[in-house]
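Hi everyone, thanks for making time this morning. Let me put the sequence and the model up on the screen, and then I'll walk you through them.

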Amino acid sequence: MNLLKNKKIFILFFTVLFLTVGVILIERAGSQEIVVECETCIDLTASPNLIGRGESSTLTLKVNNTPDSFAICSISPGVISNESLNDGTYNYVVSPGGGGTGDFTYIADCTGGGGQATDSITITVINMPPTATNLNVNQGDYCNIPLRPIFSWTFSDPEGDSQGAYQIQVDNNSNFFSLEIDSGKVFSSSESYAAPTPLSYNTTYYWRLKVWDNYDRESNWVSGPSFITPSHAYPDPDFNWSPVSPTQGEVVQFCATQEAGVCSEDMSTCYSAGGSIPSPSCSGKTFLWTFPEGTEFATGTSSTSENPRVKFGSTGAQNVSLEITDEVGSCSRTKSVGVMLPLPKWREVAPW
Ligand SMILES: [Ca+2]
Ligand SMILES: [Ca+2]
């Protein structure tokens, strides 16, 4: 029994040994097949192989002739034709696509002492997306165009494309979930946009912009600087005067605010915090009148009076301006007063 058992172990051992050696020999034979003698070896690559329209890439051709000699190589389309290349690395700058987009394949073909070899590489040409920089908000002249800010930007595109369209969104929430303004896609090369409707006072606004190039490739959203609108509307100065057609040297009463016994109504409009609702009067704000040179103020009034009295020193159209300033801003208004020559005084003439 013992002898039989040893015999079995002996057979098993040699069986395993033969199988292992067999596998090693087969593997060695296989690896020798992979190492084929390279007679004319080439390798064609491109860097980068993803480019924008009109950009260029570098093709690299590696040539290895065995035995050492030269190979006759071509790279098509249109790179080289039947050139003698020794072992080495050769670079060629190419601009595939001719301004268009798509996949463009180059094929290298070399014939050396050992035979012929080919290799190819594909370069993908895409239209790169544009972007916008220098985003700016001009809150504008709150005197004439209240709360309609002007948004502006600078369009740029890696390929120098022009702007085909833009879209602006404005929200009083930074998440842009409940838009106050959405321009939609506007097909225009303009780099500014005026808010189509007035915004609210005393509010922080956020805005963002998207642009398209003239091949309709769109940018990501680009955020503009947030901004805060004033707490209420700017003053709106206005005034009248009496007499309506004064003469040179005559005392003229100017009225901007209501004043008992002097001016019957508030001509100017001022606003209080919290909205555009006029407060009762501009009385108490800062007034600054500008009259033509030679105008004299009556005693007790000056260029900073709410309702000054003056005498004009000249005749004809006289420009009078009033600027009112409150805690948020100042606006002015100019009107023209027609001043006439004084009437001649009656003079007794002796009878003939
Ligand atoms: Ca582009
Ligand atoms: Ca909102």
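I'll go from the overall picture to the sheets, the cores and a few backbone details.

First, some housekeeping. This is a predicted model, in which local features need pLDDT of at least 70 and side-chain atom pairs count only at pLDDT 80 or more, while totals for chains, interfaces and linings use all residues. Residues are numbered from 1 along each chain as its sequence is written, and chains are lettered from A and ligands numbered from 1 in the order in which they are written.

Let's start with confidence. pLDDT is the predictor's confidence in each residue, from 0 to 100. The protein chain averages 87, with 83% of its residues at 70 or more. Helices (H or I, at least four residues) and strands (E, at least two) are DSSP runs here, numbered from the N terminus. Over residues 16-36 the pLDDT stays under 50, and the model has 0 contacts beyond four places in sequence for that stretch. By contact I mean that two C-beta atoms, placed from the backbone, lie within 7 Å.

Now the fold as a whole. The chain has 1 helix and 23 strands. Looking at contacts with a separation of 6 or more, 60% come from residues 24 or more positions apart. Of the 352 residues, 24% count as buried. Buried means 20 or more other C-beta atoms within 10 Å of the residue's own, exposed means 12 or fewer, and partly exposed is in between, with C-beta atoms placed from the backbone.

On to the sheets. Strands pair, in this analysis, if DSSP finds at least two bridges between them. One open sheet has 3 strands in the order 1-3-6, with antiparallel pairing. Strand 1 and strand 6 (88-94) are its edges, each pairing on one side only. From one strand to the next, the twist averages 20°, using axes that are lines fitted to C-alpha atoms (for helices, over the stretch in contact) and angles from 0 to 180 degrees between N-to-C directions. Strand 3, residues 57-65, is joined to strand 6 by 7 bridges in the antiparallel sense, and there Thr-58 stands opposite Val-93.

Stay with strand 6 for a moment, as Val-94 lies there too. Is Val-94 buried or partly exposed? Val-94 counts as partly exposed, because 18 other C-beta atoms lie within 10 Å. Not counting residues up to four places away, Val-94 touches Ser-56, Ser-57, Leu-59, Val-79 and Tyr-106. Tyr-106 is 12 residues away in sequence, and the C-alpha to C-alpha distance between Val-94 and Tyr-106 is 9.9 Å.

Next, a hairpin: strand 7 and strand 8 form one with 2 residues between them. These two strands, 102-112 for strand 7, run antiparallel with 11 bridges, and Cys-110 stands opposite Ala-117. Strand 8 (residues 115-126) also runs parallel to strand 2, with 3 bridges; Ile-51 has Val-125 as its bridge partner there.

What about the cores? A nonpolar core is a set of buried Ala, Val, Leu, Ile, Met, Phe, Trp, Tyr and Cys residues joined through C-beta atoms within 7 Å. The largest has 25 residues, and those with the most contacts inside it include Phe-239, Trp-241, Phe-254 and Leu-322. Strands 18, 19, 22 and 23 each give two or more residues to this core. A second, separate core of 18 residues includes Val-63, Phe-104, Ala-117 and Ile-123.

Most residues other than glycine have a negative phi, and most peptide bonds are trans. Where are the cis bonds I'd like you to look at? One runs from Ser-47 to Pro-48, with omega near -10°, and Pro-48 sits in the loop between strands 1 and 2. Another joins Ser-76 and Pro-77, with omega about 0°, in the loop between strands 4 and 5 for Pro-77.

As for phi, Phe-176 has a positive value of about 60° although it is not a glycine, and Phe-176 belongs to the loop between strands 11 and 12. Asn-202 has a positive phi of about 55°, in the loop between strands 13 and 14. Asn-202 is partly exposed, with 13 C-beta neighbours inside 10 Å.

That's my tour, so over to you for questions.
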